[in-house]
Amino acid sequence: MFFQTVKFLFLCLILNIFYSLVYHDILTPTTKAADHDVPVIPEEIIERGLMSLADYEEASAKALSLFEYGQQVTLEHGLVLVDTKYQFGKVNDGSIFC
């Protein structure tokens, strides 16, 4: 059992190293449509006034930071985080939820 665990952890380490050398994290922003998400490029986000450039840059940095943290936490548990979704939006838009 011990050697199986060591092999598994070694494989996780190799996969993490491979991932960090070959791949880079990417952002794929979307916005809401009536019933689904719609891909949108950063320039369009700013042009349409969905976010300011400063807000987009901050949200992007936070998303990448959260993803990096998630990768560290999952690796500690022998897992590899390869994809996730973070949603950023208005905190208080006047809506009431019960």
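**View 1. The buried residues of helix 3.** Helix 3 buries Y56, A59, S60, A63, F67, G70, Q71 and T74, where buried means under 20% relative accessible area, exposed over 50% and partly exposed in between (1.4 Å probe, protein chains only). Helices (H or I, at least four residues) and strands (E, at least two) are DSSP runs, numbered from the N terminus. This is a predicted model, in which local features need pLDDT of at least 70 and side-chain atom pairs count only at pLDDT 80 or more, while totals for chains, interfaces and linings use all residues. Residues are numbered from 1 along each chain as its sequence is written, and side-chain values use heavy atoms, with hydrogens and water left out.

**View 2. A closer look at T74.** Find T74 in helix 3 (residues 53–76). T74 counts as buried because its relative accessibility is 19%. A polar atom of the T74 side chain lies 2.9 Å from the backbone oxygen of G70. Setting aside neighbours within four places in sequence, T74 is in contact (heavy atoms within 4.5 Å) with L79, V80 and L81.

**View 3. A network of salt bridges around D37.** K32, D37 and K85 are linked in a network of salt bridges; a salt bridge is a side-chain nitrogen of Lys or Arg within 4 Å of a carboxyl oxygen of Asp or Glu. Side chains of opposite charge can pair when their charged atoms come close. Between K32 and D37, the closest N and O atoms are 3.1 Å apart. K32 counts as exposed, at 60% relative accessibility. D37 and K85 also meet through their side chains, at 2.7 Å from N to O. That pair links distant parts of the chain, with D37 in strand 2 (residues 37–39) and K85 in the segment after helix 3, 48 residues apart.

**View 4. The salt bridge of R48 and E44.** Here the side chains of R48 and E44 meet in a salt bridge, 3.4 Å from N to O. E44 is partly exposed, because its relative accessible area is 30%. The structure holds 3 salt bridges.

**View 5. The whole protein.** Stepping back, you can pick out 3 helices and 2 strands, which follow the pattern α-β-β-α-α along the sequence. Of the 98 residues of the protein, 15% count as buried.

Methods:
A polar contact is a pair of N or O atoms within 3.5 Å; within protein, one must be able to donate a hydrogen and the other to accept it, and residues adjacent in sequence count only if both atoms are side-chain atoms.
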